[in-house]
Structures are given as C-alpha cells and as structure tokens.
Amino acid sequence: VSDVTQQGQAPSAIAGMSYRDMESSIEVAHLEHPEHDELLTLNLGPHHPATHGVLRVITTLEGEVVRDIRPVIGYVHTGIEKNCEDKPYWKVIPLVERMDYLSYYFNAFAYCGAVETLLDLEVPKRAQYLRVIHMELNRIASHLLWLATGGLDLGAMSVFWYGWKERDSILDLFEMSSGQRMHPRYFQVGGVAEDIPSGWAKKVREFTAQFPKRVDQLEDLINSNQIVLSRMRGVGAVDADSLLELGVTGPLLRAAGNPWDLRKAAPYSSYEDFQFKIPVGTVGDHYDRFRVRMAEMRESTKIVEQALDALPEGEYITSNRKYALPPRHELATSMEALIHHFKLVTEGFRVPPGEAYFPCESPRGELACFVRADGSSKPARVHMRDPSFVNLQALRPMVQDTYIADLIVALAMLDPILGGIDR
Amino acid sequence: MPDATGLELIAQELRDRDADSVLETLHFRGKASVTVAPESIRETLEHLRGKGFKFLASLHGVDYFPEEPRFGVQYELLDMYEVDRITVKLRVPLAAPTVPTVVDRWPTADHQEREVYDMFGVVFEGHPDMRRILMPEDYEGHPQRRDFPLGGEAILFTHNEPRNPGWWQQ
C-alpha cells in the first residue's frame with residue numbers, strides 16, 4: 001500500500017510553467033563556439049564533498065550535459081574480507097561492522113545470521129526482538145544522516161543541522177544499551193551481548209513518541225524549499241525493470257514502484273510479528289526516493305514501538321554454552337562454565353563445514369553475508385554483498401543526458417556509503 | 001527455497017538440456033544449490049531465468065585452496081514472485097581460471113565480476129571492461145587467494161620510509 005502521495009505542483013515563478021520548462025526555454029543556440037560540440041572529460045572526486053566519501057566519478061560532458069560517467073572506487077579498500085579469514089568467528093563481528101559504517105547493526109546481523117545458519121543455532125525470541133529494535137533505530141539513524149548530508153548537497157542547510165541532531169539522540173540510545181555510539185559489537189552469534197539496561201525502554205519510547213513530529217518538520221523543510229523540489233521532481237527517473245536488471249534493491253527500487261522488501265517478503269528475526277507498511281513511489285524520480293525514505297522512517301518508528309510493547313521475557317542470548325559465553329557469576333562455581341569460557345575466548349567455537357548466504361534488508365537494500373566454513377574456528381571466506389556496491393551501477397542510467405548539477409542530486413539520492421562499496 | 005525434490009527436478013531439467021552440465025546438487029540448511037560445469041553457466045542461468053529466477057542477487061568468488069579445481073564462483077539467484085533462492089556454483093582450476101561472462105544478460109554482474117577478477121584472478125571471458133576494481137591498477141597478485149599472505153603491505157606514506165625523504169622541499 002502506497003504511503004507516498006504526490007503533492008500538487010509547487011507554485012512557480014511563471015504561472016503554468018515548471019522550473020524545467022523555464023530552464024529549457026532559454027535559448028543557447030547563439031553561443032556558437034569552435035569547441036561547443038566537443039566532449040569534455042571532467043574528473044569529480046575522490047575529494048569532493050558531494051561524493052560522500054572518496055568516490056571518484058569520471059564524467060564525459062557535452063557542454064553542461066552528462067553523456068557518460070565512469071565510477072572509480074577502491075580508495076578506502078581496507079581488505080576487511082581478507083582480515084576476517086584470520087580471526088575467530090566471534091572476532092569477525094567488529095570487523096564487518098566497519099564495512100557500511102552507517103548500518104553497523106545490519107552488517108553484524110547479516111554475519112551473525114550466516115554463522116547461525118551454519119551452526120543451525122536457535123536465537124531466543126527476546127534477542128530477536130532486541131535485534132529488531134536496534135536495527136530499526138539504526139535504519140532511522142542511517143536515513144537521517146542521508147537526509148542531512150543529501151539536503152546539504154542540495155543547498156538545504158537547515159535539514160543538515162536538524163537531521164544530525166535527531167540522529168545524535170539515537171546514538172545516545174545506542175550508547176546506553178550497548179556501550180558504544182557506533183560499531184557497538186552488540187549482536188553476537190546466538191543473540192545479543194547484554195540485556196537492555198533498565199530505563200532504556202522508557203527513553204526509546206520518549207524518542208519514538210516525538211519522532212514522527214520531527215519527521216514531519218524535516219519533511220516540511222524540504223517540501224517548502226522550491227529550489228530543492230525543482231532539483232528533485234521529475235529528475236533521474238529510472239524504471240523498475242532497469243533497476244532490477246542492475247541488481248538495485250532497497251528504497252531506490254521501492255521508489256520506482258516495486259514493493260520488494262525482505263522484511264515482508266521473507267521475514268527474518270521475527271519481522272512477521274509486526275504490523276508495518278512498505279512505502280512505494282509512483283514515478284521513480286529523486287523526489288519519490290526522498291518520500292519513500294521519509295515514510296520508511298515513520299514505519300520503522302512503528303516497528304520499534306511494537307517490539308517494545310511485545311518484548312518477550314527470557315534469555316537474550318542462546319543458552320548453548322558451546323557458542324555463547326557463560327554468565328560471569330557461573331565461572332566462580334562451575335568447572336564446565338570455566339572450560340567453556342576458556343575455549344571460547346582462546347580458540348573460539350568451531351563451525352561445521354558448509355556455505356551460507358544470509359540476506360537482510362539494510363537501509364540501502366539487500367545486504368547479505370556469505371560465509372564459508374571449513375570446520376576450523378576461523379571462517380574460510382566472508383563476503384558481504386553490499387547494496388551500495390551494486391546500487392552504484394544505477395548511477396549511470398540516472399544521470400545520463402542530464403545536467404551535471406543533477407549528477408550531484410543523483411549521488412545524494414543514491415546514498416552510497418563508500419565504506420560498504422570498498423570494504 | 002526449492003526443497004530437495006524441487007532441486008532434483010531442476011537439476012534433471014538442466015541435465016536433459018545438456019547431459020554434462022550438472023556436476024552436483026546440494027540441499028544444505030534449507031538452501032538449494034547446484035554445481036554446474038563452467039562452460040554451461042550462461043545456459044544454466046538462462047534456463048533458471050525462464051523458471052522465474054529473474055534477479056541475480058549476488059555474484060561472489062571463493063577460494064577452495066588446497067582443493068582442486070580451486071576457485072569457485074557463485075551466482076545467487078532470486079525469484080521475487082515465489083520468494084525463492086537458488087545458488088549456482090562453478091569451479092575452475094588455477095591453471096585455467098576462465099569463466100564465460102554473464103554481464104550482457106545480467107548487467108548487475110559488471111562490478112561483481114570485476115571484483116572476483118580483482119580478488120581471485122578469475123578471468124571472465126567476454127566482459128567488456130575486465131580491469132581491477134578495488135585494488136590499484138598496477139597491483140600485483142590477487143589478495144583474496146588463500147595463499148596470499150596477510151599483512152606486510154608496503155604503503156607509501158612517509159612514516160614507512162627508513163628516513164625522512166624530504167621530497168616536498170625540492
């Protein structure tokens with residue numbers, strides 16, 4: 001069910017004429033120049049504030065119109081996948097969290113899910129709900145940072161400040177529950193590291209109670225900004241079939257009208273227990289991408305509230321001592337607990353040979369982790385199918401034959417995270 | 001997910017088309033996978049597309065060192081209507097690590113095939129732009145191979161120099 005409804009045409013300086021019409025009505029034919037029909041190659045990045053990291057885009061321009069682009073990546077390639085092969089399974093979690101550094105809970109979840117699949121390990125219901133709460137808060141935080149920096153690229157400065165402020169209050173919640181604002185290593189194989197502290201649920205409720213109003217305000221900031229609207233409306237539309245061919249998932253695909261969302265289609269981690277809608281767009285332009293993400297933040301708030309209401313009692317991590325550390329107090333009284341503790345922190349647990357591919361819905365699309373186990377206590381291969389890496393291929397159809405100013409908008413609305421692209 | 005029977009039916013269809021194409025089928029933890037001969041990968045994916053697996057979710061490489069054939073390439077296919085996944089695997093030896101490209105039929109494979117080439121040295125024949133993607137263009141070796149050593153990467157920053165080079169003063 002679509003939650004995104006197109007608003008009426010925004011008022012324009014010339015009645016009955018859109019910004020695009022005005023722009024194309026300007027006659028440039030008299031600017032005859034010997035170099036006019038030549039192509040110009042322009043290098044954008046890797047140090048360019050609009051590339052959100054170190055993305056380099058080599059653009060071929062004809063006048064002001066982009067004819068072709070070629071993304072060059074790898075500037076922050078740190079070999080995380082290679083390093084993972086040298087670490088015991090539980091020490092890999094903090095490494096994979098640093099890939100897509102805005103959706104760290106999702107990275108850890110995809111990895112833990114793959115290892116749990118290999119181990120055939122059951123995750124307690126309470127841990128599943130705690131994971132959902134943290135992932136949905138993380139989705140909001142990630143979308144807020146996208147809105148803040150994307151708004152900044154488009155000249156909407158105030159969205160930057162207010163979006164950052166809201167994101168910071170979510171990071172405060174993360175700090176309280178897991179001890180870290182980013183990369184908390186909270187998700188463990190078999191559950192989560194610790195139960196939430198008392199008073200945390202109340203603080204989350206305070207946040208979710210006021211957050212929908214904040215989203216409205218943020219949305220109003222964009223919706224009353226004529227310049228931003230003109231740069232987004234009707235620009236960069238790509239149809240859903242082309243996006244599917246390019247492997248694009250997430251808000252970009254949903255903005256084009258395809259309601260594919262793994263949380264609904266193939267529920268994992270108890271997502272089937274919650275009532276929420278999948279926002280879809282109708283046109284597939286930048287404005288739809290913006291609206292879809294705004295609506296997703298509202299839906300995520302609902303999921304967090306439902307998960308808090310229905311949070312089951314019980315264990316927060318599996319009681320299988322072969323894979324999860326025993327509680328600290330058991331070490332003083334139980335020899336088995338001491339042995340398990342020693343084995344886990346020295347060698348780590350062993351995983352039977354096999355291969356698993358575990359997908360989940362990150363803020364940017366299908367984030368999946370492929371793990372190959374060879375029977376030892378270290379993974380033989382860890383691969384992240386990062387949505388930013390795949391979605392980046394959609395940049396070319398988005399910007400081809402548009403103005404170079406629209407390339408900046410496309411980059412902002414694509415929401416690529418270079419840490420995830422380069423890994 | 002196709003269950004074990006469904007997987008065998010798919011494998012039988014693939015065998016009916018080309019008797020040598022299917023090497024192995026595996027149903028592990030509720031997930032179906034079929035190992036095919038490298039030369040038949042394009043026809044296999046095309047056949048599975050006809051069965052509804054229209055979305056190539058991921059393409060990644062694996063190194064099975066010290067087993068031989070050593071390199072694996074895996075294609076994760078997704079059927080968005082039936083919400084069904086199947087993995088197509090293939091293995092190529094170190095002596096001849098070439099796989100036919102699928103990029104003309106599955107444009108999403110462009111960057112991912114380049115990544116597999118970059119990390120494992122598996123060459124995708126027919127790929128329009130078979131270059132490194134994450135490592136520098138002049139890099140030697142394929143770092144995700146299991147026998148590629150970890151660490152010791154020479155990084156050209158001044159603190160790695162034995163003495164202060166002072167090139168900025170010239």
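Start where the two chains meet: select the 47 residues of chain A and the 40 residues of chain B that make up the contact. Keep in mind as you look around that this is a predicted model. Between them, chain A and chain B bury about 3500 Å², and 54% of that area lies on carbon and sulfur atoms.

Now bring up the charged side chains across this boundary. Chain A and chain B share seven salt bridges. To see one of them, pick Arg70(A) and Asp129(B), whose side chains meet with an N to O distance of 3.3 Å.

Which element of chain A gives the largest share of the side that touches chain B? Select residues 354–362 of chain A: this is strand E6, and it supplies four residues.

Next, leave the boundary and go to helix H16 of chain A, residues 404–414. Nine of its eleven residues are buried, so the rest of the structure largely encloses this helix. Click along the buried ones: Asp406(A), Leu407(A), Ile408(A), Val409(A), Ala410(A), Leu411(A), Ala412(A), Met413(A) and Leu414(A). Then step just past the end of H16(A) to Asp415(A), which has a positive phi of about 60 degrees.

Another helix of chain A is the next stop: H12, residues 286–309, where you'll find Glu296(A). Is Glu296(A) buried or exposed? It is buried, with a relative accessible area of 1%. Show what surrounds Glu296(A): leaving aside residues up to four places away in sequence, it touches Arg139(A), His143(A), Pro251(A), Arg254(A) and Pro279(A). With His143(A) there is also a polar contact, side chain to side chain, at 2.8 Å.

Last, look at the cysteines. How many disulfides are there over all chains? A search of the whole structure finds zero. For a closer look, select Cys84(A) and Cys369(A). The cysteine sulfur closest to that of Cys84(A) belongs to Cys369(A), but at 7.9 Å it is too far for a bond. Looking from the other end, Cys369(A) is in no disulfide either, and its nearest cysteine sulfur is that of Cys84(A). Cys84(A) is buried, with a relative accessible area of 0%, and Cys369(A) counts as buried at 0% relative accessibility.

Note on methods: Residues numbered from 1 in each chain as written. Chains lettered and ligands numbered in written order. Predicted model: local features only at pLDDT ≥ 70, side-chain atom pairs only at ≥ 80, totals over all residues. Heavy atoms only, no water. Contact = heavy atoms within 4.5 Å. Buried area = accessible area lost by both parts, 1.4 Å probe. Salt bridge = Lys/Arg side-chain N within 4 Å of Asp/Glu carboxyl O. Helix = DSSP H or I, 4+ residues; strand = E, 2+ residues; numbered from the N terminus. Buried < 20%, exposed > 50% of the residue type's maximum accessible area, 1.4 Å probe, protein only. Polar contact = N/O pair within 3.5 Å; in protein donor to acceptor, adjacent residues only side chain to side chain. Disulfide = S-S within 2.5 Å.
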